[in-house]
Amino acid sequence: MGTALPIRGTDYFGNLSQTATGDFDHDGVSNLQEFLDGTNPADKNSVRFRLSISSFGGYVTASPTRLSYTNGEAVTLTATPTPPNSFRAWAGDVISTTNPIVITMTSNKTVLALAGPFPITWTNSASGAWEVASQLEPQPGAQPG
Ligand SMILES: [Ca+2]
């Protein structure tokens with residue numbers, strides 16, 4: 001009983017007339033990263049997406065936990081606040097106050113879980129990058145003034 005050999009990234013790169021930083025199949029992942037992943041840079045269905053998770057005031061578990069995800073793969077994220085914090089919100093590429101949440105990997109995603117002892121108010125809900133942690137009040141981890 002044999003073991004299937006993984007597809008090598010070099011298998012796809014013989015005729016690709018693009019630079020490493022290009023994105024031939026327009027899936028949001030560079031040709032170089034697809035080379036490193038062993039995915040086909042001319043087939044967006046073969047892409048692997050990254051999930052970057054950060055948290056304030058607790059920790060996050062991802063199920064399944066992988067280095068990268070297939071296009072369209074569902075991932076359940078559960079934030080567990082560290083007492084006395086309570087879960088407040090997801091920020092970054094997912095904006096939600098629901099916990100846990102299920103996200104669908106259709107691009108590289110960066111997700112931030114916010115937990116704290118005090119409710120969080122968006123300081124700029126009308127426009128701009130209000131989902132960025134630096135624009136939250138109080139600042140994650142800070143004591144109220
Ligand atoms: Ca690509």
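## Overall make-up

From the N terminus on, the elements of the protein follow the order α-β-β-β-β-β-β-β-β-β-β, which amounts to one helix and 10 strands. The model is a predicted one, and of the 145 residues of the protein, 23% count as buried. Among the contacts between residues at least 6 apart in sequence, 47% join residues that are at least 24 apart.

## The three-stranded sheet

Three strands, in the order E3-E5-E7, form an open sheet in which the pairing is antiparallel. Strand E3 (58-63) and strand E7 (101-105) stand at the edges with a single partner strand each, so one side of each is left without a neighbour in the sheet. From one strand to the next, the twist averages 30 degrees.

In general, the strands of a sheet pair through backbone hydrogen bonds, either parallel or antiparallel. Here E3 and strand E5 (residues 73-81) pair in the antiparallel sense over six bridges, and the bridge partner of Ser-63 in E5 is Thr-76.

## The largest nonpolar core

The largest nonpolar core holds 19 residues, and those with the most contacts inside it are Trp-90, Val-111, Leu-112, Ala-113, Leu-114 and Ala-115. Two or more residues are given to this core by each of strand E2 (51-56), E5, strand E6 (86-92) and strand E8 (109-116), with the largest share, five residues, coming from E8. In soluble globular proteins, nonpolar side chains tend to be buried together.

## Contacts of Ala-115

When its neighbours within four places in sequence are left aside, Ala-115 is in contact with several residues, among them Phe-56, Gly-57, Gly-58, Ala-79 and Pro-81. Asn-85, Ser-86, Phe-87 and Arg-88 are also in contact with Ala-115.

Notes
Residues are numbered from 1 along each chain as its sequence is written. This is a predicted model: local features need pLDDT of at least 70, side-chain atom pairs count only at pLDDT 80 or more; totals for chains, interfaces and linings use all residues. Helices (H or I, at least four residues) and strands (E, at least two) are DSSP runs, numbered from the N terminus. A residue is buried if 20 or more other C-beta atoms lie within 10 Å of its own, exposed if 12 or fewer, and partly exposed in between; C-beta atoms are placed from the backbone. Two residues are in contact if their C-beta atoms, placed from the backbone, lie within 7 Å. Two strands pair if DSSP finds at least two bridges between them. Axes are lines fitted to C-alpha atoms, for helices over the stretch in contact, and angles run from 0 to 180 degrees between N-to-C directions. A nonpolar core is a set of buried Ala, Val, Leu, Ile, Met, Phe, Trp, Tyr and Cys residues joined through C-beta atoms within 7 Å.
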